[in-house]
Amino acid sequence: MSNGEKTPTGFEPRIVAFFCNWCTYTASDLTGISRLIYAPNVRVIRVMCSGRIDPQFILAALREGADGVLIGGCHPGDCHYQEGNYKALRRFKLLKRFLNRMGVEDERIRLEWIAASEGDKVQKVVNEMTEQVRKLGPLHLAPIATPEAFEHEDKQELVAAGAEGESS
Amino acid sequence: MSKPKVGFNWLASCGGCEEAVVDLEEAILDVVEAVDIVFWPCAMDFKKDDVRSMADGEMDVCFVNGAIRTSEEEEMSRLLRKKTKILIAFGSCSHMGGIPGLGNFYSSESILKSSFLESPSTVNAEGVIPKTETKRSEGILTLPAFQETAKSLDQVVEVDYYVPGCPPPVKLLKDAVQAVLENKLPPKGAVLAPDVAQCTDCPRQDTKPEKLEIKEFKRPFEIEIDPKKCLLAQGLMCLGPVTRSGCDSACMKANMPCTGCLGPTSRVKDFGAKAMAGFASIIDSTDEEEIDRLLDSIVDPEGTFYRYSLPKSYMHAICTTMRNGSGKKGA
Ligand code: SF4
Ligand code: SF4
Ligand code: FES
């Protein structure tokens, strides 16, 4: 990853951000144009509306190695598609209940309303979240078993079976 | 062609899937006529050694039900995989982890503790907890290891096909056997059930509003259920919209909402997450506090949305940090 300095512990959080095209994504452009520097830990994915964000995207991001997920949408009442952001809010609240049960800390998942003009808010939110997740440390999801992982043991079993006079 | 050799096996399961085989009723006679059953420990006297002594790939098809939770189940899965040409995950547990998969909300240590020490019906004065090895004067007694998480069959071995359901509808089993006999199986990896949602063929479909708006979620015992009207429109947690069809609307016809046992359609990766997306969408509120209140009316949302599929979800189980928090070393 292209992050800057390493912390003493060597952990730089990876944060995946889903930003709405009409507001937060534009705002993050503005942050750049205004030469406001924010933590390079965030990877921004542009979506057409926060209502497009399927909870599956968030879980997939965590499974693929994100330590946190940030969602940015238009302020209530301002969604380009009328109510996509309300939908995002409800999904976010429900998903958080699940993630909480799974042991994913609150600070790792964040929803923010950021208008196109609020470049400074992008900077503030990203920096704040990066620090919070840095403090939490890496996310340790339960490893998912795959058949390949068993191959090694399988060979051992074959050897054992061979000893019992079985063809392998 | 000689009769295909068929095996059935159960792992961490309740026996319901075996019941589904028996539910074939007279059709089971046709099946027995058409195939050679070479392994079926639930119904006939077969031992592991019977499988061990088979040549690799000797069985043509093996139906395996149940999740994988112990080292013994894992070993058996691998053994059967070696001995069969076509391995079919049979039922929700081997398909997605199923009900035993709900154990993935807890650490293995806390499960053992609550089952053997804390449950009100347990009498265990000496506080004995099963161990893989116990020394006795007669020698060392061994038990299979209780693993950290429950797994679906395809998380342990390669699976060729899935027959979903809790238990699988008889028709799906019949069709699967038929497909094997006629050599008409779809491409490998397929779920042998229609790839559309329950609502598509639900008899209540006409009463499902174009735009659903729910102000309160209810449980079946709390209301007088209208036997004709879409259950979701009545505020019940019907998972029909995210669940694969193939059971002939069994639950809806019995006036009960679908709980999702056939799992998702092929486009969905994480059943529970998709279900959460759907249910959150139809909540009729834009007010934060009201949304919280409405969500509170969903009893055990995690268990409801992941009833049959937690091990197959992106999360698989609770984070290892949480597991460790309960005093157990991570995997
Ligand atoms: S939501 Fe349930 S009751 Fe309504 S049409 Fe779909 S499957 Fe039938
Ligand atoms: S209606 Fe749903 S829960 Fe009931 S049998 Fe069919 S898929 Fe399973
Ligand atoms: S368009 Fe920005 S949240 Fe919908």
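Reader: How many helices and strands are there in chain A?
Author: Chain A has five helices and four strands. Helices here are DSSP runs of H or I with at least four residues, strands are E runs of at least two, and both are numbered from the N terminus.

Reader: What pattern do they follow along the sequence?
Author: Chain A reads β-α-β-α-β-α-β-α-α. Of its 168 residues, 51% count as buried. Buried means under 20% relative accessible area, exposed means over 50%, and partly exposed is in between, with a 1.4 Å probe and protein chains only.

Reader: Before I go on, what kind of model is this?
Author: This is a predicted model, in which local features need pLDDT of at least 70 and side-chain atom pairs count only at pLDDT 80 or more, while totals for chains, interfaces and linings use all residues. Residues are numbered from 1 along each chain as its sequence is written, chains are lettered from A and ligands numbered from 1 in the order in which they are written, and side-chain values use heavy atoms, with hydrogens and water left out.

Reader: OK, chain B. Which domains is it divided into?
Author: Domain 1 of chain B covers 5-99 + 150-181, domain 2 covers 106-147 and domain 3 covers 198-299. Those bounds come from an automatic or database domain assignment.

Reader: How far apart are the C-alpha centres of domain 2 and domain 3 of chain B?
Author: They lie 40 Å apart.

Reader: On to the ligands. Where does ligand 1 sit?
Author: Ligand 1 sits in the largest cavity. A cavity is a set of points, on a 1 Å grid over the protein atoms alone, where a 1.4 Å probe fits but cannot get out. To sit in one, a molecule needs more than half of its atoms within 2 Å of the grid points.

Reader: Which residues surround ligand 1?
Author: Among them are Cys199(B), Cys202(B), Cys230(B) and Cys238(B), along with Arg204(B), Lys208(B) and Met252(B). A residue makes the list if one of its heavy atoms lies within 4 Å of the ligand. By class, the shell around ligand 1 has eight nonpolar, two polar and two charged residues. Ala, Val, Leu, Ile, Met, Phe, Trp, Tyr, Cys and Pro count as nonpolar, Asp, Glu, Lys and Arg as charged, and the others, Gly among them, as polar.

Reader: Backbone check: which peptide bond is cis, with omega near -10 degrees?
Author: The one from Cys166(B) to Pro167(B). Pro167(B) is in the loop between β9 (161-163) and α7 (170-181) of chain B.

Reader: What about phi at Glu25(B)?
Author: Glu25(B) has a positive phi of about 50 degrees, although it is not a glycine. Glu25(B) lies in the loop between α1 (16-22) and α2 (27-34) of chain B, and is exposed, at 53% relative accessible area. Asn255(B), also not a glycine, has a positive phi of about 65 degrees. Its loop runs between α8 (250-253) and α9 (271-282) of chain B, and Asn255(B) is partly exposed at 22%.

Reader: Switching to side chains. Is Asp154(B) buried or exposed?
Author: Asp154(B) is buried, with a relative accessible area of 13%. You'll find Asp154(B) in the loop between β8 (146-151) and β9 of chain B.

Reader: Which side chains does Asp154(B) touch through polar contacts?
Author: One polar contact, of 2.6 Å, is with Ser152(B), and another, of 2.9 Å, is with Lys312(B). A polar contact is a pair of N or O atoms within 3.5 Å; within protein, one must be able to donate a hydrogen and the other to accept it, and residues adjacent in sequence count only if both atoms are side-chain atoms.

Reader: Last one: where is Tyr161(B)?
Author: Tyr161(B) is in strand β9 of chain B and is buried, at 8% relative accessibility. From Tyr161(B) to Leu185(B), 24 residues apart in sequence, the C-alpha distance is 8.9 Å.

Key. 1 Å grid on protein atoms, 1.4 Å probe; cavity = no way out; pocket = protein on both sides within 12 Å on 5 of 7 lines; lining within 4 Å.
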